Amino acid sequence: MRAQLSTSFTVTDGDRPARRARRIWLDTFDWRLYRVGLTLQHVTERNTSELVLTSTDGPQLTATLNGPASTTSPAGPASTAGTTSPTRAPRWPARIEALPAGPLKNRLAKIIGNRALLAVATATGQTSELRLLNPDQKTVVRLHVDTLTRPGTQPGPRDPLPAWLSVSEVRGYQPAARRARRLLATTNGVTASRQTPLDAALEATGRHALDYSGKVDLRLRPAMPGREAVKTLLLQQLDTLEANLNGVLHDTDPEFLHDLRIAIRRTRSALKLLGDQLPGELTLRFASEFRWLGDITTPLRDLDVQLEELPARAAGLVAAQPADLEPFRVYLTGRRAAARRALNRGLRSDRFATVLGDWRKALLVPRANRRSPASPRTGDLAADRTRRAYHKVIRMGAAITDDSPAESLHTLRKRCKELRYVLEFFASLHDPQVQRAMVGDLKRLQDCLGEFQDCEVQQHEIQSLAAAMLARQAAPAPALLAMGELAGQLGRRQQQARAEFAGRFAGFAGSTGRRRLDALTAPRTSA
């Protein structure tokens, strides 16, 4: 390799000697960094420990850490721009609050939000560097060589990973980097790879990036039996529920509970809207059981939302000060701890284990039922249930006037959610452009209805929590006044959402929406 490169460059060792390091690749459960082309590593060498954020263009930001090498709990040269003062190495998984303040943390916060960073792969090995110089003896290209092994779980030799050679551009010398890549492409023993070291480390453990998504991801065929499509859908939602269970039990981050609840709600909607494709006793029994699951997960999720939104709402106070809400935050935190214990008891109960086990068995094991009607084609089933759900939304929304009670908007929101789920269930049968446009209009309507209901619910919750705090003598007067102002803010937001409803509904229910419905439900003849 040196000989090939020497035809165009002077090849010399890098500024730093070869060094051994332990690497932990980090990402969220739903791969938010990987999806935007970023890689985050926790690199621990003999005397240093740092977080390194890279993109396809090379190193971006680093943050220095103190303390021993981090461990994981159950579940050109690197740029110095943005290097932060040291902080103790987090224990993974860790939320954004555990990272050192600085540009790296700020960049990550915008991407990962309230998700925890998890250790997705680990490797150890040696890193060395070469510099390529031009005739003026200026460094124009840097090469990094990583020889990695994946740590084994048993004593003995470790699993080797391919050696990786990366070319890092030096600002102002991009043509030199391109020339170096061309030379390396003709070097024996060097092959270009679309795979990254992270991809290789994941593959060695039997994983792959993007192996989880909370979205409905089905490949249905119009001609397949509708009963088969419904079972496939319900099995995927069961897989999603189970994938999030460990994160909920360990309270890794609030999005695990959010995704688990969405899987429950999708299952309940599918049983309501498509349950006639299953034996009747199954639909009746499991509709009740999944309603129970929805009920036991609601209190913790409601408290998560309140705690997450509290800082922004506190910042908007006018008559009160954000600090006045500290007793309220402390009280919510205590209620959350109790709600979490109650939920974990339910998720670890025999009833929960039986529900999931029996549900999977019922979906996988064929059941003979001579009285079951013939299953329609999936394309026909999708068209029928989409039209039904759509027209139910249109009829209900058209009947709402300025004098309609709040309950009518709440009910419409449920019907909109059912239509949204039907569109998601059968998305693979639809024209993607039409599907996105219809879902976009529906989502704008849902956002308005959701804002209306959430504001009403949270006003009632603040009132009941204030009464409970008073009963426990945990409500100083400034806190009660601040909570009253919060309730007032919510009331104004609810009124604004009500005022926006008519326009949002008209945008969804107009002639354009009807044409989109016709396009989505047109007969399909392909297999």
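Strand S4, residues 49-55, is mostly covered, with five of its seven residues buried. This is a predicted model. Its largest nonpolar core holds 67 residues. A search of the whole structure gives eight aromatic pairs, while the disulfide count is zero.

**Strands S3 and S4**

- Strand S3 covers residues 38-44, and seven bridges join it to S4.
- The two strands run antiparallel.
- A hairpin of four residues leads from S3 to S4.
- Leucine 38 has serine 55, in S4, as its bridge partner.

**Nonpolar cores**

- In soluble globular proteins, nonpolar side chains tend to be buried together.
- Among the 67 residues of the largest core, five touch the most other members: Leu274, Leu325, Phe328, Trp359 and Phe426.
- Phenylalanine 328 shows what such contacts look like. Beyond its neighbours within four places in sequence, phenylalanine 328 is in contact with Gln306, Leu310, Ile462, Leu465, Met469, Met483 and Leu486.
- Another core, of 25 residues, lies apart from the largest one. Its members include Ala389, Tyr390, Val439 and Leu442.

**Aromatic rings**

- Phenylalanine 29 and phenylalanine 256 have ring centres 4.9 Å apart. Their planes meet at 50 degrees, so this pair counts as tilted.
- Phenylalanine 256 is buried, at 4% relative accessible area.
- Phenylalanine 290 and tryptophan 359 make an edge-to-face pair. The distance is 5.6 Å centre to centre, with 65 degrees between the planes.
- Phenylalanine 290 sits in helix H8 (residues 280-315) and tryptophan 359 in helix H10 (residues 350-364), so their pair ties together parts that are 69 residues apart in sequence.
- Both phenylalanine 290 and tryptophan 359 are buried.
- Ring pairs also link Phe29, Tyr212 and Phe256 into a cluster.

**Arginines over rings**

- Arginine 115 lies over the face of phenylalanine 256, at 4.5 Å from the ring centre.
- Arginine 351 lies over the face of tryptophan 292, at 4.1 Å from the ring centre.

**Cysteines**

- A disulfide is a covalent bond between the sulfur atoms of two cysteines.
- The count of disulfides here is zero.
- Cysteine 448 is in no disulfide. Its nearest cysteine sulfur belongs to cysteine 416, 10.0 Å away.
- Cysteine 448 has 3% relative accessibility, so it counts as buried.
- The cut-off for a disulfide is 2.5 Å between the sulfur atoms.
- Cysteine 455 is buried too, with a relative accessible area of 1%.

**Glutamine 435**

- Where does glutamine 435 lie? Its place is in helix H13, residues 432-471.
- Is glutamine 435 buried or exposed? At 9% relative accessibility, glutamine 435 counts as buried, because the limit is under 20%.
- Leaving out residues up to four places away in sequence, glutamine 435 touches Leu423, Glu424, Ala427, His430 and Leu520.
- Glutamine 435 and alanine 353 are 82 residues apart along the chain, and 37 Å separates their C-alpha atoms.

Technical notes
Residues numbered from 1 in each chain as written. Predicted model: local features only at pLDDT ≥ 70, side-chain atom pairs only at ≥ 80, totals over all residues. Heavy atoms only, no water. Core = buried A, V, L, I, M, F, W, Y, C linked by side-chain atoms within 4.5 Å. Buried < 20%, exposed > 50% of the residue type's maximum accessible area, 1.4 Å probe, protein only. Contact = heavy atoms within 4.5 Å. Pairing = 2+ DSSP bridges. Phe/Tyr/Trp six-rings, centres within 6.5 Å; stacked < 30°, edge-to-face > 60°. Lys NZ or Arg CZ within 6 Å of the ring centre and 35° of its normal.
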